[in-house]
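Thank you all for coming.

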Amino acid sequence: MRSKNYAKDVLSGDWRRPRKGQIPEIAAESGLVAEDPSSGFCGAVVACEKDSVTLEDRFGKRRVFPLAKAGFLIDGKPVTLVRPVRAAGRAISASGSIAVAGLRARVARESRIYVEGKHDAELVEKIWGHDLRVEGVVVEFLEGVDHLPEIAEEFGPEPGRRLGVLVDHLVAGSKESRIAEQIDSPYVLVTGHPFIDIWQAVKPATLGISAWPDVPRGIPWKEGVISALGWRGEPGEVWQAILGRVRTYADLEPALLGRVEELIDFVTAPGG
């Protein structure tokens with residue numbers, strides 16, 4: 001016997017055709033988490049075009065959906081996603097920050113950010129170049145971290161001259177972590193990501209692959225990746241092709257994004 005205390009099934013009927021004014025319109029801003037009720041796919045907004053929105057789930061899988069009326073769920077409630085309206089003069093940089101119109105690069109600070117190699121420097125420049133010029137921060141590359149303690153000492157860190165260092169494969173027990181532990185200065189911040197090489201910081205979906213391949217020990221990592229994926233070209237050529245597919249911070253892994261932002265904050269801190 002059906003109790004009178006229960007309303008009819010809330011999913012029955014066509015919930016996509018609500019009475020006017022019932023369904024809110026939400027701007028599909030980057031990072032907004034929404035669900036497509038038809039497929040159950042749930043993810044964060046990574047791109048929004050005139051008639052479609054791209055969602056990325058926690059596994060890095062992306063799907064494109066039309067911007068239909070009442071076409072999505074947020075916190076279990078139906079919403080209509082709409083393309084964000086950018087105010088005049090409020091362009092967004094590749095890092096997601098508000099771009100400064102008519103920017104003239106600030107005179108460089110004494111503080112610096114060091115990265116391991118050329119590829120690291122090119123990726124940081126592509127995504128955070130605008131921010132770095134606003135702040136007057138120069139990025140240089142080390143070509144390895146074996147001599148990082150000596151390099152840091154030679155740099156001469158002090159309150160107005162800070163050094164931030166981005167290290168590849170900075171995980172417990174690695175060679176890189178042992179080298180980083182040798183540096184003890186409040187004006188030097190050594191941080192890093194868990195990837196063997198900066199290539200891995202690019203999300204596989206950005207390149208149309210399911211995952212970065214495992215490369216056996218003893219085989220140079222870049223060459224091993226190129227071979228395993230059936231790509232052609234020298235590492236430098238392949239990297240330029242990879243870099244060409246990167247458009248914004250949404251194409252990179254969060255493990256890199258957070259570390260670079262942390263370094264920028266460190267070298268631009270008051271007094272730094």
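The expected span of a helix is 1.5 Å times one less than its number of residues, and helices here are DSSP runs of H or I with at least four residues, while strands are runs of E with at least two, both numbered from the N terminus. This is a predicted model, in which local features need pLDDT of at least 70, side-chain atom pairs count only at pLDDT 80 or more, and totals for chains, interfaces and linings use all residues. Residues are numbered from 1 along each chain as its sequence is written, and side-chain values use heavy atoms, with hydrogens and water left out.

Let us begin with α1, which has 18 residues, although its end C-alpha atoms are only 21 Å apart, short of the 26 Å that a straight helix would reach at 1.5 Å a residue. Where is the kink in α1 centred? The kink, of about 80 degrees, is centred on Trp 128, the bend at a residue being the angle between axes fitted to the seven residues ending there and the seven starting there. Trp 128 is also among the buried residues of α1, as are Val 124 and Leu 132, where buried means under 20% relative accessible area with a 1.4 Å probe and protein chains only. Just after α1, Gly 136 takes a positive phi of about 75 degrees.

What covers the buried residues of α1? The cover includes β8, β9, α5, α6 and α7, judged by contact, that is, heavy atoms within 4.5 Å.

Conventions: Buried < 20%, exposed > 50% of the residue type's maximum accessible area, 1.4 Å probe, protein only.
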